Amino acid sequence: MSVVVVVGAQWGDEGKGKVVDLYARYADVVARYGGGANAGHTLVVGGDKVVFHLIPSGALHVKTRCVIGQGTVVDPRVLVDELEELRTRGLLDEPRVLVSERAHIVLPHHVAIDGLREKGDGAIGTTKRGIGPAYEDKVGRRGLRVGDLLRPELFAEKLSANLARWEPFFGALGAEPTDRAKVAEEYLALGERLRPYVADTSRYLSGCIARGEKVLLEGAQGTMLDIDHGTYPYVTSSTVIAGGASAGAGISPGVIDEVVGISKAYTTRVGGGPFPTELHGDEGERLRAAGAEFGATTGRPRRCGWLDVPALRFAVRINGMTQLALTKLDVLGGLGDLRICVAYELDGERLDEPPYDGLDRVTPVYETLSGWDEDITGCESVDALPPRARAYVERIEELAGCRLGLVSVGADRDATLRLSDPFA
């Protein structure tokens with residue numbers, strides 16, 4: 001296999017960073033295909049924590065090339081900072097990070113508008129990183145792209161036109177006027193720093209695939225936040241699912257060999273929106289504390305709950321997942337009996353997948369499994385897990401209808417049980 005997609009199977013924050021980092025050691029190229037700096041991929045290597053927002057998680061492997069595709073929205077400030085972080089750590093001796101000239105950019109007024117909207121009645125719990133407004137400009141055909149940063153006159157012209165479209169909203173939302181000259185000066189300077197990394201990444205990736213190189217496509221957020229298939233309107237602004245990898249990376253869907261879905265052994269989500277299995281009070285706080293469930297990008301506490309199999313089953317189907325990677329199994333140790341939501345009930349009807357609307361009104365149907373107290377972080381195979389932990393894992397595989405390829409039993413890179421290799 002040469003092309004593998006990694007996608008979140010829940011509401012994001014499933015541990016994609018760690019899984020991509022593990023698979024990246026076997027890949028020649030790792031490419032981001034959607035989202036922006038609202039993603040936060042946390043890696044723990046030798047006890048040292050590293051957080052990426054735009055650069056693919058594979059950047060920690062010095063022989064792996066990294067691509068930021070045109071389906072992303074790029075905040076040049078964040079990208080330059082991350083490139084400098086890699087250089088400081090001695091991990092970027094050459095331009096092995098490429099960013100698509102076609103990727104749209106996040107501008108300061110996008111961030112300002114996003115933050116102001118979240119103060120109003122229509123707040124949905126965004127990361128306030130300007131992602132939604134940047135995608136609005138993209139779809140509205142008035143966005144600025146990375147390639148524009150390298151053409152000063154064109155950039156200034158497009159910036160003025162873009163700001164003119166937003167100005168009616170500035171006063172209504174209480175935003176400060178934008179200093180066009182100052183923004184142009186800063187962003188053109190950022191463009192010069194990014195110049196060595198800007199490329200036609202679609203053509204580059206197609207060449208890699210044609211040569212038989214191993215390409216790993218990395219998504220952001222999770223299936224239930226997809227703009228079309230998620231819990232609308234409490235969703236992100238991009239196509240999160242595996243189908244978006246083709247458009248976002250600029251490659252044919254026919255070259256994708258495997259789709260790996262990432263799921264926690266329980267469920268979390270950040271921001272507003274329905275969450276059928278959410279735990280409140282002491283139960284929810286206990287799970288949050290055990291899993292250190294705070295956003296890598298915002299630091300916000302995540303809402304926590306039992307594993308939602310109907311949502312997971314939906315993610316398996318909509319993404320065409322060929323295998324699952326289960327993360328944070330160790331977090332459930334010592335919590336007593338565990339529950340799994342195996343179906344929903346809505347208006348007297350039993351559902352095995354989320355409805356397009358009314359998820360806030362469903363009643364979870366639970367199955368209870370015995371928990372375990374043993375420390376599993378040192379286990380080196382699924383067979384070495386305590387019987388109850390192994391039974392929990394096997395039940396998830398059975399209910400989701402998708403084979404497990406990986407089980408994470410601790411935060412560190414090496415605390416992982418590999419059942420199969422998606423590149424094999």
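Biologist: Over the ring of which residue does the charged end of Arg-142 sit?

Modeller: This is a predicted model, in which local features need pLDDT of at least 70 and side-chain atom pairs count only at pLDDT 80 or more, while totals for chains, interfaces and linings use all residues. Residues are numbered from 1 along each chain as its sequence is written, and side-chain values use heavy atoms, with hydrogens and water left out. A charge sits over a ring if NZ of Lys or CZ of Arg is within 6 Å of the ring centre and within 35 degrees of the ring normal. At 5.6 Å from the ring centre, the charged end of Arg-142 sits over Trp-166.

Biologist: How far from the ring centre of Tyr-366 is the charged end of Arg-339?

Modeller: Here too a charged end sits over a ring, with Arg-339 supplying the charge and Tyr-366 the ring. The distance from the ring centre is 4.2 Å.

Biologist: With which residues is Glu-136 in contact, leaving aside its neighbours within four places in sequence?

Modeller: Glu-136 is found in helix 4, helices (H or I, at least four residues) and strands (E, at least two) being DSSP runs numbered from the N terminus. Glu-136 is partly exposed, at a relative accessible area of 32%, where buried means under 20%, exposed over 50% and partly exposed in between, with a 1.4 Å probe and protein chains only. Contact means heavy atoms within 4.5 Å, and on that basis the residues touching Glu-136 are Arg-117, Arg-142 and Trp-166.

Biologist: Against which elements do the buried residues of helix 3 pack?

Modeller: Helix 3 covers residues 108-117, and its buried residues are His-109, His-110, Ile-113, Asp-114 and Gly-115. These buried residues pack against strand 8 (104-105), helix 4 (131-139) and helix 5 (152-173).

Biologist: Why is the pair of Trp-11 and Phe-275 called tilted?

Modeller: A search of the whole structure finds three aromatic pairs. Rings of Phe, Tyr and Trp (its six-membered ring) pair if their centres lie within 6.5 Å, with planes under 30 degrees apart counted as stacked, over 60 as edge-to-face and the rest as tilted. The ring centres of Trp-11 and Phe-275 are 5.8 Å apart, and the pair is tilted because the planes stand at 45°.

Biologist: How many residues apart are Trp-11 and Phe-275, and are they buried or exposed?

Modeller: Trp-11 lies in the loop between strand 1 (3-8) and helix 1 (16-24), whereas Phe-275 lies in the loop between strand 12 (267-269) and helix 9 (281-291).

Biologist: Which residue of strand 10 stands opposite Arg-32?

Modeller: From strand 2 (residues 29-32), Val-29 and Ala-31 point one way and Val-30 and Arg-32 the other way, and all are buried. Two strands pair if DSSP finds at least two bridges between them; strand 2 pairs in the parallel sense over four bridges with strand 5 (residues 65-68), where the bridge partner of Val-30 is Cys-66. Strand 2 also pairs with strand 10 (residues 215-218) in the parallel sense over four bridges, and opposite Arg-32 stands Glu-218.

Biologist: What share of the 424 residues in the chain is buried?

Modeller: The chain has 11 helices and 20 strands, and its C-alpha trace spans about 65 × 50 × 40 Å along its principal axes. Of its 424 residues, the buried ones make up 57%.
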